[in-house]
Amino acid sequence: MDKQFNRRDFLATGAALAGGLLLPKAYAATRQRVRIGLIGTGMRGQVLLQELLRRDDVDLVALCDIEPIMLGKALKQVEKFNKPKPKTFGEDRDPQAYKRMLDAGALDGVIIATPWEWHAPMAIAAMQAKVAVGCEVVAGVTLQDHWDVLNTQLKTQTPYMLLENVCFRRDVMAVLQMVRAGVFGELVHLQGGYQHDLRAVKFNSGDPAKPYGGGVEYGAKGWSEARWRTEHSVQRNGELYPSHGIGPCAMYTNINRGNRFTRINAFATKARGLHDYVVKQGGAGHPNAKTSFKLGDVVTTTLACENGETIILQHDTSLPRPYSLGFRVQGTDGLWMDLNHSIHIEGKSKPHQWDDFQAWQDKYEHPLWKKYAKTAEGAGHGGMDFFVIHSFIEALKAQAPMPIDIYDAVSWSAITPLSEQSIAQNFQTLDFPDFTNGQWKTRKPIFAFDDRY
């Protein structure tokens, strides 16, 4: 019943707004400055806050957080940059404080960097208030969340961008240039994922001065991400963090712009890593050693695309391992793999041998990196955080389409609840919703990104 209602609602609003979705009518002229608020001043929020404070075209007018320690740290950042003190919300620990910030009417845009379960309601409230949204990943938790976010954007036409920073990684953007130039021939298969040992993120001692590791507490006794993220590993089993891997793969295959996901299935291994970590770090007698974790240690998700490509994602955060996103882009003329920083192109590489990727990356350096590499130095995640904030701000100022728009946000993020459903239904293959209502057939790629944003 809910799915049928969503579909009807979506069709009605989509038909009314077709063609004008990403050109906000609320902005009549290019802006030179924008007024921005930040909801969520925790560890991730503070990284994004730095990028906002570095800009001369951003007026940071509001901060919201219900944790006084983090709100205080954010205000110290503002002071360090000699910027005017923004208005603050949430000191009273009211979970709805963000609504007062949005209702104040002083914002052109808002950055949302809160726990995942708050992303959808906060984005919806912002769009209803006609405040442009830059939302950290993910877009929502349930499939219903994704339809609700999409339908709100369609109704309000308020700009929405998913802040997926890996789409702006230097080698990822060079590979995008190579895909566009036909270096790999016709694309056939891609891989990516989130392969990152998060055990010391999901558990700590609860000491605000030590947000990573040092103990095996989570939930109310934990601190920072351990307070909320670990519970998802307790309660859920699926591809919980897809956008780092799927974002670049979707760019390369023009998802929602001439191509789309059609089918999805997911498999999960047994869950052992988090329990073993608790026992090794805290002892078999620690109360959290009794916790039953639902999230499989390695979750493998496969997507089929309309144009015949397949994409594999792997979520691997509970076992000891070095960090890797595991990218692979393979076509009829060769392939690139980021794990070994290597490439093989038929007719250019020696048969059955890898070449180092650096020379190719230099040759196909993206214009954005050519222009802003120096500016991005010191920004989070090797400069990627500069680019993702830069793109949001520049698109907002220019009334331009968001480079990672609402359709991308819900398509990439909906992989999570769909993978959960597949696993729960004995690894069943499911149809992937067409969030664009057929518009993917005529929408044009915008992922080329010119040197403005």
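**Exercise 1. Determine how the residues lining the largest pocket divide by class, and which elements supply them.**

Solution. In this predicted model, the lining of the largest pocket divides into 25 nonpolar, 11 polar and 11 charged residues.

Step 1. The lining comprises 47 residues, and those nearest the centre of the pocket are Arg44, Ala113, Thr114, Glu225 and Trp228. The space in this pocket is about 1200 Å³.

Step 2. Helix H2, helix H4 (97-103) and helix H5 (119-128) each contribute at least two residues to the lining of the largest pocket. The largest share, 4 residues, is supplied by H2.

**Exercise 2. Describe how helix H2 and helix H14 are placed relative to each other.**

Solution. Step 1. Two packed helices are described by the angle between their axes and by the distance between those axes.

Step 1. The axes of H2 (residues 43-53) and H14 (residues 384-398) come within 9 Å and cross at roughly 60°. The crossing of H2 and H14 is right-handed.

Step 2. On the H2 side, the residues that meet H14 are Arg44, Val47, Leu48, Glu51 and Leu52. On the H14 side, Asp385, Phe386, Ile389 and Ile393 take part. By class, this contact of H2 with H14 has 6 nonpolar residues, no polar residues and 3 charged residues.

Step 3. An α-helix has 3.6 residues a turn, so residues three or four places apart point the same way.

**Exercise 3. State which residues of H2 are buried, and classify glutamine 50 as buried, partly exposed or exposed.**

Solution. Step 1. The buried residues of H2 are Gly45, Gln46, Leu48, Leu49, Glu51, Leu52 and Leu53. These buried residues pack against strand E1 (34-39), strand E2 (58-64), helix H3 (68-80), strand E4 (109-112) and H14.

Step 1. Glutamine 50 also lies in helix H2. The relative accessibility of glutamine 50 is 27%, and therefore this residue counts as partly exposed.

Step 2. When neighbours within four places in sequence are left aside, glutamine 50 is in contact with Gln77, Phe81, Gly378 and Ala379. Valine 183 is 133 residues from glutamine 50 in sequence, and the C-alpha to C-alpha distance between these two residues is 37 Å.

**Exercise 4. Explain why H5 is described as largely enclosed by the rest of the structure.**

Solution. Step 1. Of the 10 residues of H5, 8 are buried, so this helix is largely enclosed by the rest of the structure. The buried residues are His119, Ala120, Met122, Ala123, Ile124, Ala125, Ala126 and Met127.

Step 1. The elements against which these buried residues pack are E1, H4, E4, strand E5 (132-135), helix H6 (143-156) and strand E6 (160-162).

Step 2. Just after H5, lysine 130 has a positive phi of about 65°.

**Exercise 5. Find how many cavities of 30 Å³ or more the structure holds, and describe their linings.**

Step 1. The volume of the largest cavity is about 50 Å³. Its lining consists of Trp116, Leu198, Lys202, Arg229, His232, Ser233, Leu240, Leu295, His315 and Thr317. Helix H9 (residues 229-235) gives the largest share of this lining, 3 residues. By class, the lining of the largest cavity has 4 nonpolar, 4 polar and 2 charged residues.

Step 2. The second largest cavity holds about 30 Å³ of space. Among the residues that line this second cavity are Ile255, Arg260, Phe432 and Asp434. Its lining divides into 5 nonpolar, 2 polar and 2 charged residues.

**Exercise 6. Locate the cis peptide bond from valine 137 to valine 138, and the loops that hold histidine 341 and histidine 381.**

Solution. Step 1. The cis peptide bond from valine 137 to valine 138 has omega near 15°. Valine 138 is placed in the loop between E5 and H6.

Step 1. Histidine 341 belongs to the loop between strand E12 (334-337) and strand E13 (342-345). Its phi is near 50°, a positive value in a residue other than glycine. With a relative accessible area of 51%, histidine 341 is exposed.

Step 2. Histidine 381 lies in the loop between helix H13 (367-376) and H14. The phi of histidine 381 is positive, near 55°.

Conventions. Residues are numbered from 1 along each chain as its sequence is written. This is a predicted model: local features need pLDDT of at least 70, side-chain atom pairs count only at pLDDT 80 or more; totals for chains, interfaces and linings use all residues. Side-chain values use heavy atoms; hydrogens and water are left out. Axes are lines fitted to C-alpha atoms, for helices over the stretch in contact, and angles run from 0 to 180 degrees between N-to-C directions. A crossing is left-handed if the near helix is turned anticlockwise from the far one by less than a right angle, and right-handed if clockwise. Contact means heavy atoms within 4.5 Å. Ala, Val, Leu, Ile, Met, Phe, Trp, Tyr, Cys and Pro count as nonpolar, Asp, Glu, Lys and Arg as charged, and the others, Gly among them, as polar. On a 1 Å grid over the protein atoms alone, a cavity is a set of points where a 1.4 Å probe fits but cannot get out, and a pocket is an open set with protein on both sides within 12 Å along at least five of seven lines; lining residues have an atom within 4 Å of a point. Grid points are joined across faces, edges and corners, and a volume is the space filled by probe spheres set on the points. Buried means under 20% relative accessible area, exposed over 50%, partly exposed in between (1.4 Å probe, protein chains only).
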